[in-house]
Amino acid sequence: MPVFEKKKRDRYSMAELRPCVEKLFELARQYGRIEEKDRKPVEQQVFALAINVNDYLQLENHFAHARFDFDTSGTPELRRIFGADSAPASQVIAKVPEVMGLRELLSRNPERAEELKTATMLLQEVSELVGGTESLALIPSLGSVEKEAAWHSPVDLLQRAFEQEKLEAPYVEMLGRFERVARAAGDPAAFEASMASLHESVIAQASTRGEYEKIPLEISYYKANLIQNSLVVFILGFLLVAGLWLFPRVKALYWGANLSVFAAMALLTGAIVMRCMIRERPPVSTLYETILFVTATGTLFALVAEWIGRHRLALSAAAILGVIGLFIANGYETLDKKDTMPQLVAVLDTNFWLATHVTAITIGYSAGMLAALVSSVYLIARVLGIKRQDKEFSKNLTRMTYGTLAFGLIFSVVGTILGGIWANESWGRFWGWDPKENGALLICLAQILMLHLRMGGYVREFGLHMFAAFGGTVVAFSWFGVNLLGVGLHSYGFTSGIHTALWTYYGIEWGLMAVAFVHYVIVRSREAAVREALAAAGKTPGASQQGT
Amino acid sequence: MTMRFIEKFVDGLSSIWLSCTLLTLLGLLTWLGTLEQVNTGLFEVQRKYFDSIFLIHKAGPIAIPLPGAALVMGVLFVNLLLGGILRLRKDSSTWGILVTHVGILMLIVAGYVKFAFAEDGHVTLYEGERSNTFESYHHWEIAASEALPSGELREIVSKQEFFENAVPGAEARLRSTDLPFEIEVTHFLANCRVLPKGPMVSASVPVIEGYFLDEQPKEAQNEGNIAGAYVALVDRANGARKEAILWGASRDPWTVEFGGRKFGIELRREQWVMPFSVALEDFEKEDHPRMMMPKSFSSEVVVTEGGADRKVKISMNEPLRQKGLVLYQASWGPSNARPGDPLFSTLAVVRNPADQYPLYSCLVIALGLVMHFGRKLFKHIRAESLRNASAATSAQKAS
């Protein structure tokens with residue numbers, strides 16, 4: 001394998017990879033014989049890279065057949081069929097039945113073996129060049145969606161020409177339009193004109209089939225780039241919130257931050273609504289969409305909490321959640337490397353259950369993550385001694401965490417049971433101890449336990465926040481972690497590449513909890529020592545004790 | 001003294017401390033059972049962690065005894081009933097909690113009814129085939145059948161639980177007045193294959209007519225296990241024995257003759273008779289265009305009951321409910337079928353008396369939670385409004 005310099009970010013151009021392609025494919029063939037679950041990470045990565053490179057090469061060669069004419073001068077009959085000494089691929093494909101007939105005729109006469117060879121060669125050449133076009137189907141079918149759902153690639157039409165007596169004229173015309181685009185590559189004006197003509201004809205046919213209706217909206221969605229814009233505005237909101245921490249009396253900062261976070265949330269909601277309209281689906285039907293939805297609903301809850309309490313804490317949480325959520329969404333999209341609006345597997349093809357179970361459970365995730373975020377803020381503030389004397393600050397954080405958990409519990413419990421009812425409708429059992437089901441149950445159990453511990457007086461403020469922070473990792477386990485186990489019926493949600501991000505989050509949350517706990521123990525033991533000393537001196541303890 | 005003990009015992013059983021302990025244990029079992037599924041199949045995990053009273057969890061070299069989820073949920077039921085309903089303070093502030101607890105009790109009852117009384121299996125049919133029975137995915141039975149002079153087939157069936165622990169010295173004996181013999185099961189192997197006994201092969205089980213059952217490790221997916229048993233038919237008149245190997249994947253039953261009567265003996269998946277029959281007319285699988293991803297699959301069946309036919313389409317998320325049974329589109333095959341090849345459709349069949357209980361409990365729980373937390377939210381909003389109003393008044397006065 002040719003050796004090239006390893007780059008810092010391991011990103012290489014196709015030109016750099018090209019000398020290694022043969023070796024890459026050889027390795028991929030070797031690793032492909034190993035069961036996917038048994039492949040080492042590097043083997044899996046090589047395999048995946050080979051598939052991507054292969055796809056790229058296919059796309060690169062997609063128009064190879066369209067760039068030049070094929071020689072049809074080999075026999076008088078071929079010249080007669082095509083009316084010229086050469087013909088473009090579209091014409092050759094259109095005349096496949098005639099050429100096949102000619103072959104049949106020539107094969108009966110041994111003296112014309114050379115001409116038979118010429119006719120065969122023509123078909124072989126076209127087949128070879130058109131054969132690599134399978135991955136891109138840009139030609140709408142002439143039939144209705146019900147009868148012919150799939151669009152065609154040139155190789156499909158070639159096959160059709162071989163199978164049928166004659167290829168329909170509109171298909172030949174469409175192939176011709178592609179050829180005109182390919183041959184106009186060096187002439188911008190001609191390229192633009194031929195592209196416009198091709199575009200128009202594809203749109204016309206797609207409209208006839210009722211498939212174009214949502215396309216302008218989808219184009220607007222991508223052009224508006226609402227998710228990236230939302231992230232930018234969330235960052236602005238976060239900066240204003242940070243300013244507010246430094247200058248708490250500046251009202252303009254408060255209202256500016258409110259406006260920014262609200263605007264960012266509105267942009268994100270707009271993106272989600274557009275996706276719903278394009279897909280004709282409820283807001284959550286893929287793992288990617290859960291991230292968008294959790295971010296939008298989480299920031300909405302926080303803004304509502306801010307509107308009720310006006311303590312500035314919820315506003316800060318909303319800004320932080322918005323920034324983190326959309327960074328995760330971007331990271332996930334990059335890692336997943338797939339269309340974020342894919343087709344759904346058969347079992348998910350039900351808008352009723354997607355709208356009820358999936359939406360409810362995702363709102364439960366959202367509340368769990370928001371509570372974990374608020375509690376993390378509490379633990380950090382406690383360890384760093386921020387606002388130690390401000391009891392109202394801690395109380396507000398606790399109230400917000402409790403309220404969010406209570407709100408989340410309703411959706412987690414109802415969402416989990418609805419999931420069971422859906423499973424009963426689809427698979428014939430309410431509960432099957434499938435990893436994803438268990439993850440949802442774990443969230444419910446953690447939240448119920450937390451509320452009961454508080455009600456029983458076993459935990460107070462500090463304990464509640466420790467539990468809520470831990471609850472965030474339970475949500476993350478249920479949301480992404482169980483998908484990494486690679487078992488279970490919810491195989492449509494499996495994702496690779498999020499392992500590191502997930503363990504980083506576990507590490508941060510558990511590390512924070514450990515530090516907070518050690519800090520708590522030290523403070524408590526110091527307080528106990530002070531109390532003992534005061535008791536020994538015959539005094540009562542002062543008012544500087546911290547509540548737990 | 002006794003009364004005090006009973007009171008203390010009931011106090012303990014209804015305590016919130018016990019609730020917290022049980023919730024923690026259930027969470028722990030759920031988490032361990034989830035992780036264990038990576039190495040062991042769901043069926044084994046379910047038996048070990050969730051259907052059990054007691055278990056030993058191995059964390060590396062350390063064996064940790066734990067109560068099983070069945071025990072935990074049983075105690076949780078009692079705890080909830082006593083503490084969460086009977087002894088709960090009943091006033092306007094606890095109505096929501098009470099309703100929620102009733103809903104959770106309903107859910108646990110639903111789980112128990114399903115666990116104790118439900119039957120589930122599948123009926124697999126090629127297009128054109130008909131059946132009025134469905135068979136278990138997991139359990140086996142030994143069936144002795146006899147063709148009666150009237151033309152009917154009489155079957156004497158013994159469920160797996162009666163012979164699954166059979167070993168030499170503690171054999172399982174299956175008796176019926178309709179049979180002139182007893183069926184003695186000496187060995188039962190949950191997963192095995194039949195092998196010829198060659199000179200280089202050692203066997204720790206009996207060899208019958210040159211063959212023996214070679215025990216295999218259990219498959220992660222329990223459906224993949226093929227059970228086997230050693231049986232002896234013992235003549236009730238004279239004690240004469242006829243021994244054989246029964247294997248779950250055998251195509252035909254073992255046929256034997258006793259006093260001029262012919263019997264077929266077989267080990268097969270447990271079967272149940274449906275009060276109607278289903279015939280598969282057409283199975284349709286549709287993929288998304290140009291993808292290997294299934295878009296839908298459905299079975300057109302004819303349900304025949306009491307001489308009347310009814311055409312029904314069973315598809316994902318749209319099962320057939322008939323006479324207490326629910327038939328679901330579960331899978332299809334063969335997976336390597338080419339276009340035009342005959343396909344089979346597997347319909348999961350469930351008889352669950354608690355089929356709709358979860359829906360009712362969900363509604364009750366949702367109502368309870370909304371009542372309780374809605375009340376709390378309302379109080380919180382009112383308190384915050386008052387606080388904000390008083391802060392504004394103070395600010396006005398100060399200015």
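The mean pLDDT of chain A is 89, and 95% of its residues reach 70 or more. Residues 542-548 of chain A, however, have a pLDDT below 50, and beyond near neighbours in sequence this stretch makes seven contacts in the model. Where pLDDT is low, the predicted coordinates should not be read in detail.

Chain A is divided into four parts: domain 1 spans residues 16-60, domain 2 spans 66-213, domain 3 spans 223-343 and domain 4 spans 348-548. Between the C-alpha centres of domain 2 of chain A and domain 4 of chain A, the distance is 61 Å.

In chain B, strand 13 (residues 261-287) pairs with strand 4, strand 12 and strand 14 of that chain. With strand 4 (residues 130-147) of chain B, the pairing is antiparallel and comprises eleven bridges. Within strand 13 of chain B, B:Leu267 is the residue that B:Ile142 stands opposite. Strand 12 (residues 254-258) of chain B also runs antiparallel to strand 13 of chain B, and five bridges join the two. Here B:Phe258 is placed opposite B:Arg261 of strand 13 of chain B. These two strands form a hairpin with two residues between them, in which B:Gly259 adopts a positive phi near 55°.

The pairing of strand 13 of chain B with strand 14 (residues 294-305) of chain B is likewise antiparallel, and it extends over ten bridges. B:Lys285 has B:Phe297, in strand 14 of chain B, as its bridge partner. In this hairpin six residues lie between the strands, and B:Arg290 in the turn has a positive phi of about 60°.

Backbone geometry was also examined in loops. Most residues other than glycine have a negative phi, and most peptide bonds are trans. A:Asn225 has a phi near 50°, a positive value in a residue other than glycine. This residue occupies the loop between helix 11 (215-224) and helix 12 (226-246) of chain A. A:Asn225 is partly exposed, because 13 other C-beta atoms lie within 10 Å, whereas a residue counts as exposed at 12 or fewer.

In chain B, B:Lys323 also shows a positive phi, of about 50°, although it is not a glycine. B:Lys323 belongs to the loop that links strand 16 (320-322) to strand 17 of chain B. With 10 other C-beta atoms within 10 Å, B:Lys323 is therefore exposed. B:Pro334 is located between strand 17 (325-333) and strand 18 (344-351) of chain B.

The contacts between the two chains involve 51 residues of chain B and 48 residues of chain A. On the side of chain B that touches chain A, at least two residues come from each of helix 2 (16-36), helix 3 (42-50), helix 5 (95-117), strand 14, strand 17, strand 18 and helix 6 (357-398) of chain B. Helix 6 of chain B gives the most to this side, with 14 residues. By class, the side of chain B that touches chain A comprises 30 nonpolar, 15 polar and six charged residues.

Definitions and conventions:
Residues are numbered from 1 along each chain as its sequence is written. Chains are lettered from A and ligands numbered from 1 in the order in which they are written. This is a predicted model: local features need pLDDT of at least 70, side-chain atom pairs count only at pLDDT 80 or more; totals for chains, interfaces and linings use all residues. Helices (H or I, at least four residues) and strands (E, at least two) are DSSP runs, numbered from the N terminus. A residue is buried if 20 or more other C-beta atoms lie within 10 Å of its own, exposed if 12 or fewer, and partly exposed in between; C-beta atoms are placed from the backbone. Two strands pair if DSSP finds at least two bridges between them. Ala, Val, Leu, Ile, Met, Phe, Trp, Tyr, Cys and Pro count as nonpolar, Asp, Glu, Lys and Arg as charged, and the others, Gly among them, as polar. pLDDT is the predictor's confidence in each residue, from 0 to 100. Domain bounds come from an automatic or database domain assignment.
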